[in-house]
Amino acid sequence: MLSGDRKEGGSPRFGKLHLPVGLWINSPRKQLAKLGRRWPSAASVKSSSSDTGSERKRPDLAAGVAPEPPLAARATAPPGVLKIFGAGLASGANYKSVLATARSTARELVAEALGRHGPSHPHSSPFLSTGTGAPSWRAQTPSWGRQKNRARAASGGAALASPGPGSGSGTPAGPGGKERSENLSLRRSVSELSLQGRRRRQQERRQQALSMAPGAADAQIGPADPGDFDQLTQCLIQAPSNRPYFLLLQGYQDSQDFVVYVMTREQHVFGRGGNSSARGGSPAPYVDTFLNAPDILPRHCTVRAGPETPAMVRPSRGAPVTHNGCLLLREAELYPGDLLGLGDHFLFMYKDPRTGGSGPARPPWLPARQEEALLGEIVRAAAAGAGDLPPLGPATLLALCVQHSARELELGHLPRLLGRLARLIKEAVWEKIKEIGDRQPENHPEGVPEVPLTPEVVSVELRPLMLWMANTTELLSFVQEKVLEMEKEADQEDPQLCNDLELCDEAMALLDEVIMCTFQQSVYYLTKTLYSTLPALLDSNPFSAGAELPGPGAELGAMPPGLRPTLGVFQAALELTSQCELHPDLVSQTFGYLFFFSNASLLNSLMERGQGRPFYQWSRAVQIRTNLDLVLDWLQGAGLGDIATEFFRKLSMAVNLLCVPRTSLLKASWSSLRTDHPTLTPAQLHHLLSHYQLSPGCGPPPAWDPPPAERDAVDTGDIFESFSSHPPLILPLGSSRLRLTGSVTDDALHRELRRLRRLLWDLEQQELPANHRHGPPATPP
């Protein structure tokens with residue numbers, strides 16, 4: 001009898017060994033059980049293999065053991081399995097199964113179990129003995145079906161009442177049968193649970209592998225060929241978690257190349273390898289990764305990756321190696337995410353899971369999107385005024401991008417493109433407005449006189465804004481056409497269509513905002529320049545020179561000196577709109593605003609000057625009328641006569657009133673004067689009449705008094721014009737003036753197209769490894 005060593009008050013070193021073969025008690029806290037010198041016969045094993053009673057029933061079990069069979073019977077008796085529990089020896093090792101025959105001794109079995117309890121020995125699968133007395137015996141490895149039956153038996157299921165043939169177990173007899181079955185339900189071994197968990201995980205992996213197979217989503221998954229399952233599981237590659245490795249992005253032979261190449265030592269050598277070197281049959285150099293390509297040298301490249309980053313990569317002499325697309329000629333640092341090209345065929349990405357994602361967030365080889373780079377380059381060149389592009393060249397180039405997106409790319413691409421394009425233009429315009437504002441501040445420091453803007457200066461300042469206004473207007477018209485086409489061609493039931501149209505509307509709203517802002521800034525600086533020149537129309541005498549007055553269509557130099565500054569601003573604005581090819585509708589509205597400002601400014605000055613001093617005189621009125629007629633004649637010759645006549649109407653009415661001969665004016669009544677000058681308000685008419693200079697000591701006649709019905713309008717009305725009542729800006733409607741078809745006849749535009757074509761080619765080449773790049777595209781004539 002063998003018992004385990006145990007100190008007083010301590011716990012045993014290992015679990016209990018039970019006497020009958022196939023009978024175990026999972027109680028590692030109890031003392032080592034007594035072990036008999038002789039093993040029971042196979043018959044006794046059969047009758048007692050399922051009696052797993054508690055400690056207090058051991059005498060009953062011992063009393064039921066059959067006498068020992070003869071030696072001949074023992075020689076042919078089948079072996080049984082003894083499960084020896086030893087959780088105290090190794091963590092997780094709940095029991096070990098050892099084969100027990102009639103010739104086995106307790107010391108041998110324990111020695112065998114102790115030998116298997118080492119950390120280097122995996123858990124052994126339990127054996128189920130046949131438990132028969134037949135002259136032959138066989139060992140059965142556990143199947144999933146038997147494991148399932150054992151689970152039922154251990155939990156007190158149907159297997160206890162109906163044992164299968166050859167199971168070696170039966171329904172426990174006697175009053176202790178129920179208690180024994182209850183004890184069985186509490187004594188399932190952890191090994192059985194581990195087996196079931198392992199089986200479940202294997203089944204989950206199998207289902208995952210099958211789900212990745214082609215057509216798995218359309219076919220019902222059923223019993224699969226184990227060979228197919230093995231082939232699928234080979235495709236589920238999990239990268240190492242504690243070693244650097246190289247991920248193959250492009251190889252030479254798909255049937256021979258691997259996906260992951262792991263660094264098994266600190267220094268890793270790539271090469272073609274071979275049986276011997278070229279000289280003298282000496283042994284070939286050591287190679288960790290063999291690459292079967294004709295341009296790979298026997299020792300092509302070496303990578304050293306220690307515990308600290310970065311790794312180092314060194315090409316061999318004469319070996320073509322690229323690092324992030326650049327040719328590598330000497331040793332360089334290698335970071336996770338870097339690309340390593342070997343020869344003309346192999347391209348790897350270096351990965352090091354030991355760094356824990358401490359590498360750069362964006363790999364250095366990852367370029368910006370070609371589309372954003374192209375749009376940005378067109379806008380940048382337009383904002384900088386680079387080259388000698390035609391005025392509408394930027395809009396033409398951007399419209400080509402929009403047209404390509406609408407024709408060649410998916411439906412949802414156009415809204416995103418328009419959004420990026422509109423934002424780029426807005427940012428460029430805002431930056432240009434800020435630059436002009438810094439050079440032309442509204443508030444000057446004290447003591448520093450403000451220098452008036454000249455027509456030459458304002459023309460230079462406003463040219464970029466006027467170009468953006470012209471280009472954005474044409475581009476907006478072109479975009480509107482494409483959006484209408486997209487809406488007609490798209491499926492109206494497409495749920496994404498509403499979102500795409502909303503994005504297009506937002507982009508067009510940004511372009512609207514750009515046009516509005518450039519228009520506002522342009523007329524602001526033009527009117528700021530006019531503000532200092534307009535008073536000369538009221539003060540200068542066109543007859544002082546003594547020469548004849550110029551006729552319609554006269555040159556600016558032939559005009560009276562007092563009118564040249566004002567006409568110079570109009571001429572600069574006219575040349576600017578013509579050079580920038582501004583849409584005719586916007587040209588008319590630009591000058592309409594300038595004439596509106598000039599009319600309101602001159603009329604307010606006229607009203608203000610007549611209050612404190614004698615200003616409303618016939619002689620002074622004739623000079624003002626002559627100056628105004630000269631300006632209108634010059635504008636008529638410039639093609640702006642109709643617009644000027646419309647916006648200068650109120651000033652003309654006021655000056656015409658003052659030019660009426662005094663005798664005729666004294667005979668007129670309030671009602672007749674109101675009828676002859678309808679654009680003047682009652683307050684303005686009364687102000688001019690009440691301050692008109694008649695003969696000394698002679699006041700306004702009673703006929704000029706307003707009737708009681710208009711007295712309130714005269715007393716409360718404002719005599720000054722409001723600058724806020726300017727006409728609204730109406731964007732042009734109709735088709736765009738851009739021409740995107742036919743041959744390019746403008747040399748400057750052709751040169752810009754060639755430059756952008758080369759830029760696109762360079763961007764495409766930057767995305768490729770250096771060993772995959774080729775020469776620039778051929779230049780068409």
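**Aromatic pairs and a buried asparagine**

A search of the whole structure finds 14 aromatic pairs. This is a predicted model, in which local features need pLDDT of at least 70, side-chain atom pairs count only at pLDDT 80 or more, and totals for chains, interfaces and linings use all residues. Residues are numbered from 1 along each chain as its sequence is written, and side-chain values use heavy atoms, with hydrogens and water left out.

Student: What kind of aromatic pair do Tyr 261 and Phe 348 form?
Tutor: Rings of Phe, Tyr and Trp (its six-membered ring) pair if their centres lie within 6.5 Å; planes under 30 degrees apart count as stacked, over 60 as edge-to-face and the rest as tilted. For Tyr 261 and Phe 348 the centres are 5.6 Å apart and the planes are at 90°, so the pair is edge-to-face.

Student: Is Asn 604 buried or exposed?
Tutor: Buried means under 20% relative accessible area, exposed over 50%, partly exposed in between (1.4 Å probe, protein chains only). Asn 604 has a relative accessible area of 11%, so Asn 604 is buried.

Student: How far from the ring centre of Trp 430 is the charged end of Lys 426?
Tutor: A charge sits over a ring if NZ of Lys or CZ of Arg is within 6 Å of the ring centre and within 35 degrees of the ring normal. The charged end of Lys 426 sits over the ring of Trp 430, and its distance from the centre is 5.3 Å.
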